[in-house]
Amino acid sequence: MASKYYGVKVGKKPGIYKTWDECNKQVKGYPGALFKSFPSESEAREYACGMAVVTQATQVPRPSARHYDIYVDGSYSDGRYSWAFAAYEDGKILHQASGVGEDSEAAVIRNVAGEVAAAEEAIKWADKEDVGAITIHHDYIGISEWATGKWKANNKIAQGYSRFVSSHLGWVKFNKVSGHSGIAGNELVDKLAGEALSRK
């Protein structure tokens, strides 16, 4: 009986592994890999096979079979915020973008404003690409909770974001990741958001 179980959510072959060596083979060198160790097989299975977000069942998914994993993040410095996202398909990066926010009201919520803007920009981009579905990987929990209505949107920025995302929930999912934990996609967008502030 394994003392630890490893759940691979995003990797060469997602699934459950009983040794670190087996897990490492699936995630080493794989961009945007997501994996975690658990004391029980059931917990590892729930992590690897389940998605911690809801879509609205009343909305019909888009016909395209393509799925992108999109990482989003924001940054803040001296009263200015920035956003960045990076899109992956089958572990390969397809597109990345970043920019500086212009809404002075949004700047009050600092880097959260950037991550909100990044999620919106990612959805707009994926919509134009006519992707079948996307999973937005974010490190601020409000990105999913405002979108799905689990958190009440108490300010103008959250309310606008919630309204925008609500019409896309048939094909948009969310996955909370830990920031600054070595996840390649998350580290990339964190860097891109920081660089956007430096450029302008």
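What is the volume of the second largest pocket? The second largest pocket has a volume of about 190 Å³. A pocket here is an open set of points on a 1 Å grid over the protein atoms alone, where a 1.4 Å probe fits, with protein on both sides within 12 Å along at least five of seven lines; lining residues have an atom within 4 Å of a point. The volume is the space filled by probe spheres set on the points, which are joined across faces, edges and corners.

The model is predicted: local features need pLDDT of at least 70, side-chain atom pairs count only at pLDDT 80 or more, and totals for chains, interfaces and linings use all residues. Residues are numbered from 1 along each chain as its sequence is written, and side-chain values use heavy atoms, with hydrogens and water left out.

The lining of this pocket includes Tyr81, Trp83, Asp103, Glu120, Lys156 and Tyr161. Of the helices (DSSP runs of H or I, at least four residues) and strands (E, at least two), α3 gives the most to the lining, with five residues.

The largest nonpolar core has 34 residues, and Ile70, Ile134, Ile136, Tyr161 and Phe174 have the most contacts inside it. Such a core is a set of buried Ala, Val, Leu, Ile, Met, Phe, Trp, Tyr and Cys residues joined through side-chain atoms within 4.5 Å; buried means under 20% relative accessible area, with a 1.4 Å probe and protein chains only. The largest share of this core, 10 residues, comes from α3. Apart from it lies another core of 22 residues, among them Tyr6, Tyr30, Tyr47 and Leu192.

Terms used:
Buried means under 20% relative accessible area, exposed over 50%, partly exposed in between (1.4 Å probe, protein chains only).
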